[in-house]
Amino acid sequence: MITPTYFKRYCNKLFNDACEFKSAMANEMEFHIKCFFNHRLVAKLYVDEHMKSIVDVYTPDQCSTSTRFKWRFRHLLKKYTYVDRHKSDVIKEITKMVNSQFYAHSDDIWTLIDQVTDDVFAIDVGNIAARLMDKADMLRFGEIKWRTCTKERSKEG
């Protein structure tokens, strides 16, 4: 059984105390504890009137998987939040690669971003990629060319 104490302790351990909890009473005998990491709901503990608990663990798309087992809760939470927990490491690695001479062209940057992220958190990294591609084109050509090339390709296709 997953107790509220265990739920909070494990979330704090996994997220290095960077998570936020919100509790709510459904009625006199039932309550929920929600765990938020980076302002995203990652897990919710539900304890019913018979003191049985179930945990919903949420993917980045906010689809959930329910479990009553501690080991499965730990596994799912680690799996579904891996990218959020290691996002800064991925971005540092991308920046290091982009600053090398090989990835000086905007097309190379886009290919690199696409390969590394595999659309896991594409919105955030897409914005970073656009800025890096702008910077690469400004340094190389003095103007931003990749956006005009993309527009021309979309008109042809």
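Which residues does E143 touch, not counting residues up to four places away in sequence? I'll start there. E143 touches D137 and M138 under that exclusion, where contact means heavy atoms within 4.5 Å. E143 sits in the loop between α5 (122–141) and α6 (146–156). At 44% relative accessibility, E143 counts as partly exposed. On that scale, buried means under 20% relative accessible area, exposed means over 50%, and partly exposed is in between, with a 1.4 Å probe and protein chains only.

Some ground rules. This is a predicted model, in which local features need pLDDT of at least 70 and side-chain atom pairs count only at pLDDT 80 or more, while totals for chains, interfaces and linings use all residues. Residues are numbered from 1 along each chain as its sequence is written, and side-chain values use heavy atoms, with hydrogens and water left out.

Now the overall picture. The protein has 6 helices and 5 strands. Reading from the N terminus, the order of elements is α-β-β-β-β-β-α-α-α-α-α. Of the 157 residues, 34% are buried. The accessible surface comes to about 10400 Å², and carbon and sulfur atoms account for 53% of that; the areas come from the Shrake-Rupley method with a 1.4 Å probe, and for residues only the protein chains shown count as cover. As for contacts between residues at least 6 apart in sequence, 35% of them join residues at least 24 apart.

Next, some buried positions. I2 lies in the segment before α1 and counts as buried, at 1% relative accessibility. Leaving out residues up to four places away in sequence, I2 touches F7, L45, S53, V55, R68, F69, K70 and F73. Take L45 from that list: I2 and L45 are 43 residues apart in sequence, yet their C-alpha atoms are 8.3 Å apart in space.

L76 is in helix α2 and is buried too, at 2% relative accessibility. Its contacts, beyond neighbours within four places in sequence, are V57, T65 and T67. V57 is 19 residues from L76 along the chain, with 6.6 Å between the C-alpha atoms.

T81 is in the loop between α2 and α3 (82–98). Is T81 buried or exposed? T81 is buried, with a relative accessible area of 0%. Apart from neighbours within four places in sequence, T81 is in contact with L14, F15, R40 and V42.

Side chains of opposite charge can pair when their charged atoms come close. The rule for a salt bridge is a side-chain nitrogen of Lys or Arg within 4 Å of a carboxyl oxygen of Asp or Glu, and the count comes to 1. The pair is R40 and D84, at 2.6 Å, N to O. R40 is in strand β3 (residues 40–47) and D84 in helix α3, so the bridge links distant parts of the chain, 44 residues apart. Both partners count as buried, R40 with a relative accessible area of 13% and D84 at 19%.

On the surface, R9, K13, K70, R74 and K78 gather in a patch of positive charge. Patch residues have over 30% relative accessible area and no salt bridge, with like charges joined within 9 Å and nonpolar side chains (Val, Leu, Ile, Met, Phe, Trp, Tyr) within 5 Å. Lys and Arg count as positive and Asp and Glu as negative, with His and the chain ends not counted. Each charge is placed at NZ of Lys, CZ of Arg, CG of Asp or CD of Glu. α1 (4–14) and α2 (70–80) each supply at least two of the patch residues, and the largest share, 3 residues, comes from α2. R9, in helix α1, is exposed, with a relative accessible area of 55%.

Last, the backbone. Most residues other than glycine have a negative phi. D17, not a glycine, has a positive phi of about 60°. D17 lies in the loop between α1 and β1 (19–25) and is exposed, at 59% relative accessible area. M51 has a positive phi as well, near 65°. M51 is in the loop between β3 and β4 (53–58) and is partly exposed, with a relative accessible area of 47%.

Terms used
Helices (H or I, at least four residues) and strands (E, at least two) are DSSP runs, numbered from the N terminus.
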